[in-house]
Amino acid sequence: MTYNKFKKDLEQGHKYEKLALDYLDYDHFERKEGYFKEYDFVFSKDGKEYKVEVKSDRQSAITGNMAIEYECNNKPSGLTSTTADFWMYFVVHKDRDDCYKIPTNELKGLVKDCRKVRGGDGYKSKMYLLKISECKKYKIFK
């Protein structure tokens with residue numbers, strides 16, 4: 001992966017982490033600096049804390065699938081390594097973003113029978129392809 005692609009992907013990730021806050025009702029928000037593979041940020045509401053993983057995917061608008069990573073470089077990643085309470089998955093269209101807020105335990109159940117593929121940079125990641133149509137009840141609006 002080139003540095004420019006990495007930087008662009010990182011910038012997109014931060015953009016959607018900020019956008020995710022527009023979809024949440026929270027009292028307090030915390031994003032630690034640095035890299036945390038277990039989750040992206042924490043927010044609290046009514047004294048309860050929630051960890052969130054945020055994903056954004058331009059290809060999903062074309063394929064109709066969410067790509068849910070579970071392994072990278074032969075190590076657990078994504079869904080198998082997260083400690084997040086839920087995932088916020090943005091399907092990025094040319095003219096809009098669709099947001100899905102899926103509890104992690106339910107996401108693990110949804111992917112059980114999904115097709116597995118390799119992808120990402122150098123095809124080093126393994127992921128489930130989850131049909132967006134299976135996630136309609138999780139779509140949220142601002």
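Strands here are DSSP runs of E with at least two residues, helices are runs of H or I with at least four, and both are numbered from the N terminus; two strands count as paired if DSSP finds at least two bridges between them. Five bridges hold β2 (residues 41-45) and β3 (residues 48-57) in an antiparallel pairing, with F41 standing opposite V52 in β3.

Residues are numbered from 1 along each chain as its sequence is written, and side-chain values use heavy atoms, with hydrogens and water left out. As the model is predicted, local features need pLDDT of at least 70 and side-chain atom pairs count only at pLDDT 80 or more, while totals for chains, interfaces and linings use all residues.

A second open sheet consists of four strands in the order β5-β4-β9-β8, with antiparallel pairing. Its edge strands, β5 (75-76) and β8 (115-119), each pair on one side only. Strand β4 (residues 65-72) meets β5 in the antiparallel sense over two bridges, and C72 has K75 in β5 as its bridge partner. Strands β4 and β9, also antiparallel, are joined by seven bridges; here E69 has M127 in β9 as its bridge partner. Another five bridges join β8 to β9 in the antiparallel sense, and G119 is partnered with S125 in β9. Strands β8 and β9 make a hairpin with five residues between them, and G120 in the turn has a positive phi of about 80°. Five of the seven residues of β9 (residues 125-131) are buried, so this strand is largely enclosed by the rest of the structure. Buried means under 20% relative accessible area, exposed means over 50%, and partly exposed lies in between (1.4 Å probe, protein chains only).

Nonpolar residues gather in separate cores, a core being a set of buried Ala, Val, Leu, Ile, Met, Phe, Trp, Tyr and Cys residues joined through side-chain atoms within 4.5 Å. The largest nonpolar core has 20 residues, and those with the most contacts inside it are M66, I68, Y100, L107, V111 and L130. Two or more residues come from each of β4, β6, β7 (97-103) and β9. Leaving aside residues up to four places away in sequence, L107 touches I68, L79, W87, I102 and L130, where contact means heavy atoms within 4.5 Å. A second, separate core has 15 residues, including Y23, V54, F86 and M88.

The structure holds eight aromatic pairs, defined for the rings of Phe, Tyr and Trp (its six-membered ring) by centres within 6.5 Å; planes under 30 degrees apart count as stacked, over 60 as edge-to-face and the rest as tilted. Y16 and F90 form a tilted pair, 5.1 Å centre to centre with 50° between the planes. This pair links distant parts of the chain, 74 residues apart, with Y16 in helix α1 (residues 3-21) and F90 in strand β6 (residues 86-92). Both Y16 and F90 are buried. The rings of F29 and F41 have centres 5.3 Å apart and planes at 65°, so they form an edge-to-face pair. Since F29 belongs to β1 and F41 to β2, the pair ties together parts 12 residues apart in sequence. F29 is partly exposed, at 29% relative accessible area, whereas F41 is buried, at 0%. Ring pairs also link F29 and F41 with Y26, F43, Y50 and F86 into a cluster.

K55 lies over the face of W87, at 5.6 Å from the ring centre. The charged end of K101 is placed over the ring of F86, 4.6 Å from its centre.

Finally, the structure holds zero disulfides, taken as pairs of cysteine sulfur atoms within 2.5 Å. The sulfur of C72 lies 19 Å from the closest cysteine sulfur, in C114, which is too far for a bond. C99 is likewise in no disulfide, and the nearest cysteine sulfur, that of C135, is 12 Å away. C72 is partly exposed, with a relative accessible area of 24%, whereas C99 counts as buried at 1% relative accessibility.

Technical notes:
Lys NZ or Arg CZ within 6 Å of the ring centre and 35° of its normal.
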